[in-house]
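Subject: Structure handover

Hi,

Here is the structure for your review. My notes follow below it.

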Amino acid sequence: MMLRTIPPVPFLGLSRELNRLAMSDLSRVESDSWIPAVDVHETEQAIVFTAELPGVEKDHVEVSFHEGVLSIAGKKQSTRANDQRGMRIEERRYGAFTRNFHLPREIESGAIDAVHANGVLTVTVPRTPAAQRAKIAIK
């Protein structure tokens, strides 16, 4: 009778631990903060930040710019009562959040615009005219 041996697998213990964590009840993880998703895209005229802020009221969001850093901060309030009886699963997150973005020097900080609508915050940071590409005519 021939015995087959399984060759050692690198990081097998780590793999098992990750699988165990993935299968555990992560809904019980408590957190007093959350991180909203933010998309950033650039055009020749501006840098645009789009943040998903579902359930966050406009009055609970602050956008600031200081020393080259754009900050989006706020707080998502819980809509449930403090009584936890009957709660089976709680997947939504609440609490304070802050996102910071280092910006290039070539921006118009006095012209930054922020609009909050339908749970989405859009912050537009215009570039200086010097930072915008200039087309050069070919002779």
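**A salt bridge and an open sheet**

Glu42 counts as exposed, because its relative accessibility is 57%. The cut-offs: buried means under 20% relative accessible area, exposed means over 50%, and partly exposed lies in between (1.4 Å probe, protein chains only). Arg127 counts as buried, at 14% relative accessibility.

A word on the basis. This is a predicted model, in which local features need pLDDT of at least 70, side-chain atom pairs count only at pLDDT 80 or more, and totals for chains, interfaces and linings use all residues. Residues are numbered from 1 along each chain as its sequence is written, and side-chain values use heavy atoms, with hydrogens and water left out.

**The salt bridge**

Side chains of opposite charge can pair when their charged atoms come close. The rule used here asks for a side-chain nitrogen of Lys or Arg within 4 Å of a carboxyl oxygen of Asp or Glu. The count by this rule is one salt bridge. Its partners are Glu42 and Arg127, at 2.2 Å from N to O. Glu42 belongs to strand β1 and Arg127 to the segment after β7, so the pair ties together parts that are 85 residues apart in sequence.

**The sheet**

Terms before details. Strands are DSSP runs (E, at least two residues), numbered from the N terminus. Two strands pair if DSSP finds at least two bridges between them.

What is the strand order in the open sheet? Four strands run in the order β1-β2-β7-β6, with antiparallel pairing. β1 and β6 are the edge strands, and each pairs on one side only. From one strand to the next, the twist averages 15°. That angle is taken between N-to-C directions, on a scale from 0 to 180 degrees, with axes as lines fitted to C-alpha atoms.

Now strand by strand:

- β1 (residues 38-42) and β2 are antiparallel and joined by five bridges. Glu42, the salt-bridge residue, stands opposite Ile47 in β2.
- β2 (residues 46-52) pairs with β7 (residues 120-126) over seven bridges, in the antiparallel sense. Ala46 has Pro126 in β7 as its bridge partner.
- β6 (residues 113-117) runs antiparallel to β7, with five bridges between them. Asp113 has Thr124 as its bridge partner in β7, and Val115 stands opposite Thr122. The β6-β7 hairpin has two residues between its strands, and Asn118 in the turn has a positive phi of about 55°.

Best regards
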